[in-house]
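Here's a quick briefing to read with the model open beside you.

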Amino acid sequence: MPIIYKLAISLFALSLIVFGIYGTYQIRSESQDLRDTVEQDTRLLANSLLVSVENSLRDHDTGDVQKLMQ
């Protein structure tokens, strides 16, 4: 087998390994970013519901609380 073929196969294998490692890193990074975003959105929703329920209970408006619980 000529040296040019060995070199080409080696470079191809090396580039596959490098791109595979980078792809795995990128997927993990994106996955963590999505989890962080969902957690932040969930906390924001929970806080807004808490304020809404507190205000409804303070004003003795149980109808609003029942609508929120549905």
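This is a predicted model: local features need pLDDT of at least 70, side-chain atom pairs count only at pLDDT 80 or more; totals for chains, interfaces and linings use all residues.

Residues are numbered from 1 along each chain as its sequence is written, and side-chain values use heavy atoms, with hydrogens and water left out.

**Overall shape**

- The secondary structure comes to two helices and zero strands; helices (H or I, at least four residues) and strands (E, at least two) are DSSP runs, numbered from the N terminus.
- The protein is more spread out than a compact globule, because its radius of gyration is 27 Å, well over the 11 Å that the globule rule gives for 70 residues. (That radius is taken over C-alpha atoms, and the globule rule is 2.2 Å times the number of residues to the power 0.38.)
- Taken along the principal axes, the C-alpha atoms fill a box of roughly 85 × 15 × 5 Å.

**Surface and burial**

- The protein exposes about 6,500 Å², with carbon and sulfur atoms supplying 65% of it; accessible areas come from the Shrake-Rupley method with a 1.4 Å probe, and for residues only the protein chains shown count as cover.
- Buried residues make up 4% of the 70 residues, where buried means under 20% relative accessible area, exposed over 50%, and partly exposed in between (1.4 Å probe, protein chains only).
- A nonpolar surface patch, with about 1,100 Å² of accessible area together, is formed by Met1, Ile3, Ile4, Tyr5, Leu7, Ile9, Leu11, Leu14, Val18 and Phe19. Patches take residues with over 30% relative accessible area and no salt bridge, joining like charges within 9 Å and nonpolar side chains (Val, Leu, Ile, Met, Phe, Trp, Tyr) within 5 Å.
- Met1 sits in the segment before helix H1 (3–58) and counts as exposed because its relative accessibility is 68%.

**Along H1**

- Asp36 is found in helix H1 and, at 39% relative accessibility, counts as partly exposed.
- Asp36 and Ala8 are 28 residues apart in sequence and 42 Å apart in space, C-alpha to C-alpha.
- Ser56, also in helix H1, is buried, with a relative accessible area of 6%.
- Leaving aside residues up to four places away in sequence, Ser56 touches Asp61, Asp64 and Val65 (contact means heavy atoms within 4.5 Å).

**Salt bridges**

- Side chains of opposite charge can pair when their charged atoms come close.
- The count comes to two salt bridges, each being a side-chain nitrogen of Lys or Arg within 4 Å of a carboxyl oxygen of Asp or Glu.
- Glu39 and Arg43 meet through their side chains at 2.9 Å, N to O, and both lie in helix H1, four residues apart, about one turn of the helix.
- Glu39 is partly exposed at 41% relative accessible area, whereas Arg43 is exposed at 53%.
- Arg58 and Asp59 make a salt bridge at 3.3 Å, N to O, and Arg58 is exposed at 55%.

**The loop after H1**

- His60 lies in the loop between H1 and helix H2 (62–69), and takes a positive phi of about 55° just after H1.
- With a relative accessible area of 72%, His60 is exposed.
- His60 and Asp41 are 19 residues apart in sequence and 28 Å apart in space, C-alpha to C-alpha.
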